[in-house]
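This report describes the fold of two protein chains and the way they meet. Please have the sequence and the model open while reading.

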Amino acid sequence: MTYLADVGALARKDLLLELRARDTLPAMLLFVVSTLVVFHFVLPAEATDLAATGLLWVALLFTALLGLSRSFAAEREQGVIDGLVLAPSDRSAIWLGKTLSILAFLGLAEVIALPAYALFFRPVDAALVAGVVLADLGIAAVGTLLAAMATASRARELLLPLVFLPLAIPIVVGGVGASVSGEPGRYLGLLGLYDVLFAIICCASFEYVVTE
Amino acid sequence: MIRARSLEKRYGDKRILRGVTLDVAADGFLLVTGPNGSGKTTLLRLIAGLAAPSRGQLDVSVARGRIGYLGHEPLVYRELTALENLDLYGRLYRVQERRERTGMLLERFGLWDARHARAGSFSRGMMQRLALCRVLLHEPRLLLLDEPYSGLDTEGVQLLDRELAERAPGAAFVVATHEPERLEQFASARLALA
């Protein structure tokens, strides 16, 4: 219970910070909508639904990257990560709290992005929504760990995409597969497995990322 | 409470600390002095567990949750109010009667009227007072203070002196400072880093 209370306090703090500073979510919303608008005009009229689905996943992935690159900004700029690390709570609570807040930002961005996609390209079905939800879990779990790693580096803007994008390939494969395949179950299973596996790895290794 | 033998810390090729040996008892007060770049901050970070020594032995026999660390940064969120910052730390440190204790500290350090103001709007001195509230919130058994008087006005200095006088008998202190004369009255041991 104490662990969950710590996670809740940390996630609530991130949401409160975003509510005050508004420097992550508006940027994500603007980026994802403007990307979909640009893709709408770039894609030839005779392009297939497959191409449109691929572009949706590109937009979602880079929107997530934008959010992740800002996720530890407050901790980095104000040195607060030391304060959190010194607290007696399990350090993986910092990871889980941050993962939940990233998940909330991603979810909010997609609440706007998916209707925009439906408006510009094709209707959204249940398999696509399920794929997006499962992909978000993996993106938030892995992305939070990597964002914490990158934040300690001076080349953080370069480092995060460099390490995140290769690890996100299975997410894209699963997400696109679930969106276009006649049998999405296989791909949703892949995404679920990825989420569970990487959540365990990230949770267990976060302590080593934030301590020397 | 703290036992260090031949402690060394390197960052790449640069040696920050070399051969530091020290002992601090449960009620000890170690005053650490030295010029800029001599490793005072690094020593405090090593003791806090925020960095690992490159060589040597360091034993700190106090739980992480009973350490109070005051660094160069106040370690508070600028977008949160003073009250929200202390409430967050109070929750993470599982402080009993969190609200009462937070209120008492804010009042003692003259921040009660500014409790709903964002920390980012605070002056340097107010920020230092808030940082001291954060450090003292969970009744630490070991206090690691890096230039604790930095930014404090006369009233702030008196407040801190009073806190130190009250707490010195029951807790261990390691204080890094450029103004050792101010803390001589409390010191039970001194360490001069070169």
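Two strands pair if DSSP finds at least two bridges between them. Helices (H or I, at least four residues) and strands (E, at least two) are DSSP runs, numbered from the N terminus. The model is predicted: local features need pLDDT of at least 70 and side-chain atom pairs count only at pLDDT 80 or more, while totals for chains, interfaces and linings use all residues. Residues are numbered from 1 along each chain as its sequence is written, and chains are lettered from A and ligands numbered from 1 in the order in which they are written.

**The parallel sheet of chain B**

In β6(B), L144(B) is the residue that stands opposite Y69(B). The strands β5(B) and β6 (residues 142-146) of chain B are joined by four bridges in the parallel sense. They belong to an open sheet of five strands with the order β5-β6-β7-β3-β8 (chain B) and parallel pairing. At its edges are β5 (67-70) and β8 (189-192) of chain B, each of which pairs on one side only. From one strand to the next the twist averages 10°; for this and later angles, axes are lines fitted to C-alpha atoms, for helices over the stretch in contact, and angles run from 0 to 180 degrees between N-to-C directions.

Two helices are placed against these strands. Helix α1 (residues 40-48) of chain B packs on the sheet and touches β3 (29-33), β5, β6 and β7 (172-176) of chain B; its direction makes about 155° with that of β6(B). Here, residues are in contact if their C-beta atoms, placed from the backbone, lie within 7 Å. Helix α4 (residues 124-136) of chain B lies across β5 and β6 of chain B and runs at about 165° to β5(B).

**The antiparallel sheet of chain B**

A separate open sheet has three strands in the order β2-β1-β4 (chain B), with antiparallel pairing. Its edges are β2 (14-24) and β4 (55-60) of chain B, each with a single partner strand, so one side of each has no neighbour in the sheet. On average, neighbouring strands of this sheet are turned by 25° against each other, direction ignored. Strand β1 (residues 2-11) of chain B and β2(B) run antiparallel and are joined by seven bridges. Within that pairing, L7(B) has V20(B) in β2(B) as its bridge partner.

**Overall dimensions**

Chain B contains six helices and eight strands, which run β-β-β-α-β-β-α-α-α-β-α-β-α-β from the N terminus on. A compact globule of 194 residues would have a radius of gyration near 16 Å, and the 17 Å of chain B agrees with this. The radius is taken over C-alpha atoms, and the globule rule is 2.2 Å times the number of residues to the power 0.38. Chain A has nine helices and zero strands. Its radius of gyration is 17 Å, close to the 17 Å that the globule rule gives for 212 residues, so chain A is as compact as a globular protein of that length.

| Chain | Box along the principal axes |
|---|---|
| Chain A | roughly 55 × 35 × 30 Å |
| Chain B | roughly 45 × 30 × 30 Å |

**Helix packing within chain B**

Helix α2 (residues 82-92) and helix α3 (residues 98-108) of chain B have axes that come within 10 Å and cross at roughly 135°. The two helices are therefore oblique to each other (under 35 degrees counts as roughly parallel, over 145 as roughly antiparallel, 65 to 115 as roughly perpendicular and the rest as oblique). The contact involves A82(B), L83(B), L86(B), D87(B), G90(B) and R91(B) of α2(B), together with R98(B), R101(B), T102(B) and L106(B) of α3(B). By class, these are four nonpolar, two polar and four charged residues. Ala, Val, Leu, Ile, Met, Phe, Trp, Tyr, Cys and Pro count as nonpolar, Asp, Glu, Lys and Arg as charged, and the others, Gly among them, as polar.

**Where the chains meet**

The contact between the chains takes 21 residues from chain A and 23 residues from chain B. On the side of chain A, α1 (2-21) and α5 (80-86) are the elements that give two or more residues. The most come from α1(A), with nine residues. By class, this side of chain A has eleven nonpolar, five polar and five charged residues.
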